Amino acid sequence: MKKLLPVYKNESIPKLQSESGPQHPKKSFYIETYGCQMNVSDSELMTGVLTKAGYEITNDINSANVVLINTCAIRENAEEKVLNRLEHLNAIKRRNTEMVLGICGCMAQHMRTMVLEAAPYIDLILGPDAYRSLPQALDSINSKDTFVNLKLDKSEDYADISPIRKDGIRAWLTIQRGCDKMCSFCVVPFTRGRERSLPIPMLVKEVESLVDEGFKEVVLLGQTVNSYYDGTHNFGDLLFAINQVEGIERIRFTSPHPSDATKTMIDAIASCEKVCKQIHLPLQSGSTKILSDMHRTYTADEYRELVFDLRNQIPNLAISTDIIVGFCGETEEDFQKTHDLINEIRYDSAFMFKYSDRNGTLANRTLKDNVPEEEKIRRLQTIIDLQYRISHEINQKRVGETIQVLVEGESRKSKADYFGKDDTFKTTVFPRKNAQIGETVNVKVHTASANTLIGNVTS
Ligand code: SAH
Ligand code: F3S
């Protein structure tokens, strides 16, 4: 049985190998972000912290004085990607000996010893609750030690720190940090600590300043975003409050937990005109036995009923999901239940994963990762094919419709085209003509694939 690595408090530990590190922290920084939107939002927070302390952001990794890698630990391949990247960063560091290299985020928290063994040249390791201390950490860096702060702190909500975002149409707003759910497969409660929410008045103010900065859409972020509770108000109240903010045009959120779906939440999505009619509702498995082993706290039937209620009250609601195949003990019959539920619900889209055993989780400690790799791959491919067909069919039905698209920018494939999203979060591409980035235009759809709608602006 494996053990979770100990969480180290604010401390400096000796480097495993001596390297000539920088003597003084310098003034430019570069952040590379891996993983989920919460990490994107955390990188914006770090940008805010460092800018306030006098550092300047740069896009040139080769000349940056400080390079921070904001990492993800959710699956093994996410960690492998970072470990591979670190070798390249070390090569840059050898050329630029003044460079400070830091690892932040979930992987830092999850594998601190491993990270140090694999990359002893790292100067700084910071967990998700330690970003406030970034300037002090950089000040204290020396050539002998690796600065480590992995302290998880339930009281840290960064409420007083203003993130600095890249200009754009869509802003990510963290409304809650941490997770109290303890799904048996998931490393997040260990890397991000206990759940805490920011107060509604502060979030409303933040959305007002996003409007002033030119953002049109806000995406509220939390690991179980709908368990939001600021001591007085719940998630539905928050949606109603943000819906009142003048100038914000669209509100989305990710990801709600099925067990935290309340009547107020459903009412808020149904009745707030700015809340998009789209929900990402992670299912994980269609087998109640597997859901129970995953500690997901709902049955397949309860999930089914929730989808029924949502669709009943919110016509044309787009639903997406997360699925894990090959979890410990998943039989062919369990898998078939997942397959059949996907087929029954007909999601607009889905993120689908093979189960990845994570050190320290309950599943890692008490269950056997016993579905063979080839079988995991087969199951994954089977539902990817199924979902592809469903997404394609759903999108085909949109052909001929005129939809409202918030224009985000130039299409990746052609400078002559713009792209944007409709209310249901479908990517839509169209010849740009007179459309402006940031405006909402009517697009008549003439072609659809599983991932994209293509059309022409009609007004
Ligand atoms: N509550 C978070 C979940 C973050 S993880 C949110 O909704 O934003 C995102 C998805 O990764 C999960 O829903 C799950 O489907 C998948 N996942 C998490 N841990 C995993 C693991 N050990 N192996 C495979 N997939 C995993
Ligand atoms: Fe992970 Fe489950 Fe929380 S998936 S983030 S423990 S809701």
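## A hairpin, a helix pair and a ligand shell

In the hairpin of S17 and S18, Phe425 takes a positive phi near 75 degrees, and five residues lie between the strands. What you are looking at is a predicted model, in which local features need pLDDT of at least 70, side-chain atom pairs count only at pLDDT 80 or more, and totals for chains, interfaces and linings use all residues. Residues are numbered from 1 along each chain as its sequence is written, chains are lettered from A and ligands numbered from 1 in the order in which they are written, and side-chain values use heavy atoms, with hydrogens and water left out.

Let's stay with the strands (DSSP runs of E, at least two residues, numbered from the N terminus, as are helices, runs of H or I of at least four). S17 (residues 417–421) pairs with S18 (residues 427–431) in the antiparallel sense over five bridges; pairing takes at least two DSSP bridges. Here Lys421 has Thr427 of S18 as its bridge partner. S18 also pairs with S20 (residues 452–457), this time in the parallel sense over three bridges, and Thr428 is partnered by Leu453 in S20.

Now for the helices. In H7 (residues 200–212), Ile200, Leu203, Val204 and Val207 meet Asp237, Leu238, Ala241 and Ile242 in H8, where contact means heavy atoms within 4.5 Å. By class, this contact has seven nonpolar, no polar and one charged residues; Ala, Val, Leu, Ile, Met, Phe, Trp, Tyr, Cys and Pro count as nonpolar, Asp, Glu, Lys and Arg as charged, and the others, Gly among them, as polar.

Finally, visit ligand 2, whose surrounding residues include Cys179, Cys183, His257 and Arg296, each with a heavy atom within 4 Å. This shell divides into seven nonpolar, three polar and two charged residues.
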